[in-house]
Amino acid sequence: MKVIDTYNVESEGVPATVAIIDDPHEFVRTYELRHTKIKEATRVALTYLKEKIIESVNIKISEIMDPRESDHIKARISAKAHELMASELGGVSREEENALVGRLIQDMLGLGELELIIADENLEEIVINSCREPVWVYHKKHGWLKTNVELASEEQIHNYASIIGRKASRQITNLDPLMDAHLLSGDRVNATLFPISTKGNSITIRKFAKDPWTIVSFVANNTLSSEAAALFWTALQYEMNILVGGGTASGKTSLLNAILAFTPPNQRVISIEDTRELQLPDFLHWTPLSTRQPNPEGKGGVEMLDLMVNSLRMRPDRIVLGEIRRQREAEVLFEAMHTGHSVYSTLHADDASQVRNRLTTPPINLPESMLGALHLIVVQYRQRRAGVRRTFEIAEVVPSDNSVSMNILYKWDAREDKLVKVGDSLRVFSDLSMHTGLTTKEIMQDLSEKQVVIDGLISENLAKVGDVGRVIARYYREPQEVLAAARNGALAKLLYVE
């Protein structure tokens, strides 16, 4: 048995060590969570303290259901727990007290021991298949791993799913055994109940970075080139419609989130998602909307189509749809494009041609002529062999009569592992010239300057969504000042100038 990696994690003041084990007797490596186990006497004492806290801390149902009250509730319970620890459990060191209070909070407000795994930023996925097998995780570096964490019963898994659901205004019952929801951290959760999942109750948690990937992260990680990023910037600035395709976990939503930071701050953005995933700069004029499941009587549900139709009455400049799935959603989305709104969305497809085919064949089945309103298609790809994500293809949609064709501008070269320009624009530059009055030479100059700014952000390691957004917003007001700062390595100083 060989330890190939170790590091520390912490949740609510509870420390733990993670060890990645390579055991020759196992078919997959093991993710071993090591932390101090609570003795039975201490467990009894904690159960007693929980009861005392429940009796003395008055928490309203409305507070529990409101995610904005989460930190306030946690602070009240933490304060009461420390008070009871001091009076009921004398002789406990400050370090032990903090760890025990953290355990109480994990058990009362969270998912118990799972909170330590959720706190691990090296993980992309956490999977519970049933109580009869250990929890599985997908590690960014080591891939799928089997953990040493097991849940006690199917009832406990169901309880955890219900806890998650209540906080996200979702429900999961025997009559409604499927649930999509999200944690307060933004991590996406899917849950299913037995016998729909035949092994037992299941929970799948897809983790999202606390600091979302920005365009700087994409370029620095070689997922995208700064030249292509500059093209996206120009397309966003001049209100072109973009669709991001790709397979599952290929980075579609992450790329969409990254390019939306190019939105001018004086324009209103309405986003529509089943589960909130987008994280835009906080100074943008942005209203996020999320769907809602109906109650047990079948009432009160709000579907994506309802939100899309409603968003058109909210005077949006930009409409963002989390994912196109059904015909009516696609019809409304493309109608919004034709009525002058800038629209962005994602779709499951492996290349630009497949995007067209998916949109024009059942179940979506749009007339091909409607696709002419779309300007750019970007396709993301997950390279499983190397464990990386890459921008596979960037294509412009070229309309002609009642059909459209795909003109590939950039394509990923697998051997060289880079995004390569393979064609010249037939439409994007023409549309830019027609609507802005810029010549092709001026457009090329503008792209070159934007590339300088992006390269400057990379060289100064300004990758946080707020920093990237502020530099871009400043560029719209004072382009030459930002360009000069980028060339002189002074973008960071520019952020803090009053």
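The model is predicted, and its protein chain holds 17 helices and 18 strands. The radius of gyration is 25 Å, close to the 23 Å that the globule rule gives for 498 residues, so the chain is as compact as a globular protein of that length.

**Overall build**
- The C-alpha trace spans about 80 × 55 × 50 Å along its principal axes.
- Of the 498 residues in the chain, 51% are buried.
- Taking contacts between residues at least 6 apart in sequence, 56% join residues at least 24 apart.

**Surface and charge**
- The chain has an accessible surface of about 24,200 Å², and carbon and sulfur atoms account for 49% of that.
- There are 58 positive and 68 negative side chains.
- The centres of these two sets of charges lie 0 Å apart.

**Helix α3**
- Helix α3 covers residues 70–88, 19 residues in total.
- From first C-alpha to last, α3 reaches 26 Å, close to the 27 Å expected at 1.5 Å a residue.
- Buried positions in α3 include Ile 73, Ile 77, Lys 80, Ala 81, Leu 84 and Met 85.
- An α-helix has 3.6 residues a turn, so residues three or four places apart point the same way.

**Helix α6 and its surroundings**
- Helix α6 (residues 154–167) has 14 residues and reaches 20 Å between its end C-alpha atoms, close to the 20 Å expected at 1.5 Å a residue.
- Among the buried residues of α6 are Glu 154, Ile 157, Tyr 160, Ala 161 and Ile 164.
- The buried residues of α6 pack against helix α5 (114–118) and against strands β4 (123–128), β7 (178–182), β8 (188–192) and β9 (202–206).

**Cis peptide bonds**
- Phe 194 and Pro 195 are joined by a cis peptide bond with omega of about 10°; Pro 195 is in the loop between β8 and β9.
- Pro 362 and Pro 363 are also joined by a cis peptide bond, with omega of about 10°; Pro 363 lies in the loop between α12 (352–360) and β15 (376–383).

**Positive phi in loops**
- Arg 315, not a glycine, has a positive phi of about 50° and lies in the loop between α10 (304–311) and β13 (318–321).
- Arg 315 counts as exposed because its relative accessibility is 75%, and the cut-off for exposed is over 50%.
- Asn 365, in the loop between α12 and β15, has a positive phi near 55°.
- The relative accessibility of Asn 365 is 39%, so Asn 365 counts as partly exposed.

Methods
Residues are numbered from 1 along each chain as its sequence is written. This is a predicted model: local features need pLDDT of at least 70, side-chain atom pairs count only at pLDDT 80 or more; totals for chains, interfaces and linings use all residues. Side-chain values use heavy atoms; hydrogens and water are left out. Helices (H or I, at least four residues) and strands (E, at least two) are DSSP runs, numbered from the N terminus. The radius of gyration is taken over C-alpha atoms; the globule rule is 2.2 Å times the number of residues to the power 0.38. Buried means under 20% relative accessible area, exposed over 50%, partly exposed in between (1.4 Å probe, protein chains only). Contact means heavy atoms within 4.5 Å. Accessible areas come from the Shrake-Rupley method with a 1.4 Å probe; for residues, only the protein chains shown count as cover. Lys and Arg count as positive and Asp and Glu as negative; His and the chain ends are not counted. The place of a charge is taken as NZ of Lys, CZ of Arg, CG of Asp or CD of Glu. The expected span of a helix is 1.5 Å times one less than its number of residues.
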